[in-house]
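Subject: Structure handover and findings

Hello,

Please find the structure below. My notes on what was found in it follow.

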Amino acid sequence: MPKCTHKGCGKEFSEKENLENSCQFHPGAPVFHEGLKGWSCCQKRVIDFDEFMTMAGCSYGQHSTEQEKVDATEPTATSVTASQVTEAGVEVYGQPVCPPPPSVKAPAVKTPSETVIEVEAEDDETLAVPEGKVCLRKCCNATYKGDAVSRGEGAEAVCHYHPGAPIFHEGSKGWSCCSRKVLDFDAFLMIKGCKQGKHLFLGNSKTGEELVECRTDWYQTQTHVMLSIFAKNKEDTKVIFHENTVAIDIKMKENKRYKKTMALFHTILPEQSKFTVLGTKLELTMKKTDGMSWASLEPNADVKTWTTFGVSGGGGTVGAKEMQYCNDSPLHLSNRN
């Protein structure tokens with residue numbers, strides 16, 4: 001049977017039963033703002049990405065198989081730049097101020113010696129799987145068609161999925177496990193999984209600790225970088241700030257654990273940084289060592305330009321009359337070597 005392409009529906013239907021109010025869908029576009037997610041056609045907003053994906057549609061009509069035109073334009077790796085300031089004093093992202101300079105390496109960051117090996121869940125193949133069960137891995141959506149097809153040697157037994165978490169930042173959308181980024185939400189949903197493996201129809205039934213990925217979101221001000229890690233059912237949370245890294249350890253119910261040591265794009269002041277544990281997420285507030293705008297949260301070798309936020313209406317800022325070179329920028333430090 002054909003599958004409805006309306007946002008928020010995605011159900012299979014027959015043409016004979018496709019009545020006027022058979023489809024419940026969202027006619028608007030997805031909206032992501034400061035960690036909240038929803039649709040432009042209705043007022044409801046949620047925090048969790050999975051909850052957003054299951055929001056009931058606000059309009060009714062007939063099912064449709066018409067594919068919407070999707071702008072699959074991807075921001076290329078070289079477009080990851082900081083902002084530029086126009087003559088009108090507007091800060092614009094994604095457009096180079098001048099022809100790109102020769103490629104430079106990002107500042108060297110000391111990586112911790114501890115290595116976290118994340119073990120992904122696998123099905124116990126001795127257990128029965130209900131016919132039509134959908135694979136639990138992100139962006140796979142394959143349905144179980146029996147062991148011979150879904151667990152055999154054919155193409156349908158291969159699972160293409162994303163082991164990471166979804167990332168939405170300044171309009172771009174992608175996954176933490178791969179570099180591809182798109183602008184359109186429909187194009188994001190169609191990003192093919194970057195990893196291959198076996199389907200996961202039942203989940204991990206083992207009693208041992210399971211290392212998991214959590215969705216993250218971040219933004220910045222002139223003085224701070226704010227990072228949100230979305231995790232529910234937290235039992236114990238530890239965060240250790242360092243000048244170039246931050247170590248995060250979240251223990252959750254059902255023996256789940258998020259553990260990561262994250263290298264930072266630029267330096268912070270550990271003693272003036274803090275974290276807050278909330279019901280559905282962990283919020284980190286990291287104090288910058290200067291007023292520089294970070295082009296990314298973590299070091300990125302493709303970043304070539306930086307800019308500086310305003311400092312009391314001084315130079316090199318939004319609305320300033322003069323541009324000033326920031327002599328402690330990563331670009332400046334890299335050129336010394």
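Accessible areas here come from the Shrake-Rupley method with a 1.4 Å probe, and for residues only the protein chains shown count as cover. On that basis the protein exposes about 19600 Å², of which carbon and sulfur atoms supply 51%.

This is a predicted model, in which local features need pLDDT of at least 70 and side-chain atom pairs count only at pLDDT 80 or more, while totals for chains, interfaces and linings use all residues. Residues are numbered from 1 along each chain as its sequence is written, and side-chain values use heavy atoms, with hydrogens and water left out.

Confidence

pLDDT is the predictor's confidence in each residue, from 0 to 100. The protein averages 76, and 72% of the residues score at least 70. Where pLDDT is low, the predicted coordinates should not be read in detail.

Overall build

The protein has 4 helices and 20 strands. These are DSSP runs numbered from the N terminus: helices are H or I with at least four residues, strands are E with at least two. Of the contacts with a separation of 6 or more, 56% are between residues 24 or more positions apart. Buried residues make up 38% of the 337 residues, where buried means under 20% relative accessible area, exposed means over 50%, and partly exposed is in between (1.4 Å probe, protein chains only).

Cores

A nonpolar core is a set of buried Ala, Val, Leu, Ile, Met, Phe, Trp, Tyr and Cys residues joined through side-chain atoms within 4.5 Å. The largest one has 24 residues, and those with the most contacts inside it are Leu227, Ile229, Val246, Ile248 and Leu284. Two or more residues each come from β15 (224-230), β16 (234-241), β17 (245-252), β18 (256-263) and β20 (281-288). The largest share, 4 residues, is from β17. Leu284 touches, among others beyond four places in sequence, Val225, Met226, Val239, Phe241 and Phe275. Apart from this core lies another, of 14 residues, including Trp175, Cys178, Ala187 and Phe188. In soluble globular proteins, nonpolar side chains tend to be buried together.

Patches are made of residues with over 30% relative accessible area and no salt bridge; like charges are joined within 9 Å, and nonpolar side chains (Val, Leu, Ile, Met, Phe, Trp, Tyr) within 5 Å. Met53, Leu189 and Met190 make a nonpolar surface patch of about 280 Å². Met53 lies in helix α1 (residues 49-53) and counts as partly exposed because its relative accessibility is 38%.

Leu278 is in the loop between β19 (268-277) and β20. Its relative accessible area is 37%, so Leu278 is partly exposed. Beyond its neighbours within four places in sequence, Leu278 is in contact with Lys234 and Glu283. Leu278 and Ala231 are 47 residues apart in sequence, with 9.1 Å between their C-alpha atoms.

Val149, in helix α2 (residues 147-150), is partly exposed at 30%. Neighbours within four places aside, Val149 is in contact with Glu156 and Ala157.

Salt bridges

The structure holds 7 salt bridges, each being a side-chain nitrogen of Lys or Arg within 4 Å of a carboxyl oxygen of Asp or Glu. Side chains of opposite charge can pair when their charged atoms come close.

- Arg137 and Glu122 meet at 3.7 Å, N to O. Both are in the loop between β7 (91-92) and α2, 15 residues apart. Arg137 counts as buried because its relative accessibility is 8%, whereas Glu122, at 42%, is partly exposed.
- Lys145 and Glu156 meet at 3.1 Å, N to O. Lys145 is in the loop between β7 and α2, and Glu156 in the loop between α2 and β8 (158-161). Lys145 is partly exposed at 44%, and Glu156 is partly exposed at 45%.
- Arg257 and Asp249 meet at 2.5 Å, N to O; both are buried.
- Asp123, Asp147 and Arg151 are linked in a network of salt bridges.

Regards

Technical notes. Contact = heavy atoms within 4.5 Å.
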